[in-house]
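Have a look at it before going on.

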Amino acid sequence: MARSAADTIRRATHAGSWYTDNAKKLGEELDGWIGATGLPKSPDFRGVIAPHAGYSYSGRCAAYAFANIEPENISRVFLLGPSHHYYTPKCALTRATIYSTPLGDLPVDVEVIEELKATGKFELMDLHVDEAEHSMEMHLPYLAKVFHGHPVKVVPILVGSLNSENEAMYGRLLAKYLDDPRNFFSVSSDFCHWGARFHFMHYDKKQGPIHKSIETLDRMGIDIIETGNPDSFKDYLQRCGNTICGRHPISVFLHMLKNCSTKVGIRFLRYEQSSQCKSMKDSSVSYASAVAKLDG
């Protein structure tokens, strides 16, 4: 797509550090990971949950989400990503009109942004806040790759530190967009952040080594997310304190599933850890990839 002088560009600020900024190399890397999953594409997939770490850590895991997308009839991708650096008790919309990636530009659906803005429920984020945040950016090269040759627009929504009432409110507000089969949702989250540097060192010795205890905790959360019940997920987080950084985007998505008339179920396809923790001095981050698929 051609850029115009009126466009506000969100640069790919993490290209060259979190993933390669060499388009050829990046394209080959993503193709390799997508191909290695052996997963078929299907028009029945309506959304994904995928990690957002540097590609050397979570790129392979993320492929298990994005490999499933059949781009043919999708014209819009909503991005829901947590905020790592900027505090807001609300959701925030981008001011950019183009999200840039090494694999090409993704235009923002300005009309839908205006529609959401008109509800009075959203903040607008400054460009420097947008560019500092990596949670949605790490999904963009995969989207640019999967939708290559298919015109698609993005609707980026930064999900702040929402209380449960606001999670439910945004879920109700966005549910109608899930009912439109031309829309797709890309939900960004890593799973357990374990170790002293994350201030989370829960260890159930009955599970064996530390990394097994972490996996048990994560899989408990995964099983609950698959039930589609946002209240059960909230109870789990309160009970276990698991450091799932995209818990608010996931909760909003669960409330959307609860409030839309389309029957959609979540299924996890891949789980990995950045390293296997064996001593209390170690640390790791977990990654999980899921698809949201039409039921029936």
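Let's start with a pair of residues: leucine 79 has serine 186 of β9 as its bridge partner. Keep in mind that this is a predicted model.

How many of the six residues of strand β9 are buried? Six of the six in β9 (residues 183–188) are, so the strand is largely enclosed by the rest of the structure. In a regular strand, side chains alternate between the two faces of the sheet. In β9 both faces are covered: Asn183, Phe185 and Val187 are buried on one side, and Phe184, Ser186 and Ser188 are buried on the other.

Now for a pair of helices. Two packed helices are described by the angle between their axes and the distance between the axes. For α8 (residues 230–240) and α9 (residues 247–259), the axes come within 9 Å and cross at roughly 155°. Angles over 145 degrees count as roughly antiparallel, and α8 and α9 are therefore roughly antiparallel to each other. On the α8 side of the contact you'll find Pro230, Asp231, Phe233 and Leu237, which meet Arg247, Ile250, Ser251, Leu254, His255 and Lys258 in α9. The contact residues of this helix pair divide into five nonpolar, two polar and three charged.

What about disulfides? The count comes to zero. A disulfide would need two cysteine sulfur atoms within 2.5 Å. For cysteine 192, the closest cysteine sulfur is in cysteine 277 at 8.4 Å, too far for a bond. Cysteine 240 is in no disulfide either, as the nearest cysteine sulfur, that of cysteine 192, is 10 Å away.

| Residue | Relative accessibility | Counts as |
|---|---|---|
| Cysteine 192 | 0% | buried |
| Cysteine 240 | 18% | buried |
| Alanine 6 | 66% | exposed |

Alanine 6 from that table lies in the segment before β1 (9–10).

Key: Residues are numbered from 1 along each chain as its sequence is written. This is a predicted model: local features need pLDDT of at least 70, side-chain atom pairs count only at pLDDT 80 or more; totals for chains, interfaces and linings use all residues. Side-chain values use heavy atoms; hydrogens and water are left out. Axes are lines fitted to C-alpha atoms, for helices over the stretch in contact, and angles run from 0 to 180 degrees between N-to-C directions. Helices (H or I, at least four residues) and strands (E, at least two) are DSSP runs, numbered from the N terminus. Angles under 35 degrees count as roughly parallel, over 145 as roughly antiparallel, 65 to 115 as roughly perpendicular and the rest as oblique. Contact means heavy atoms within 4.5 Å. Ala, Val, Leu, Ile, Met, Phe, Trp, Tyr, Cys and Pro count as nonpolar, Asp, Glu, Lys and Arg as charged, and the others, Gly among them, as polar. Buried means under 20% relative accessible area, exposed over 50%, partly exposed in between (1.4 Å probe, protein chains only). Two strands pair if DSSP finds at least two bridges between them.
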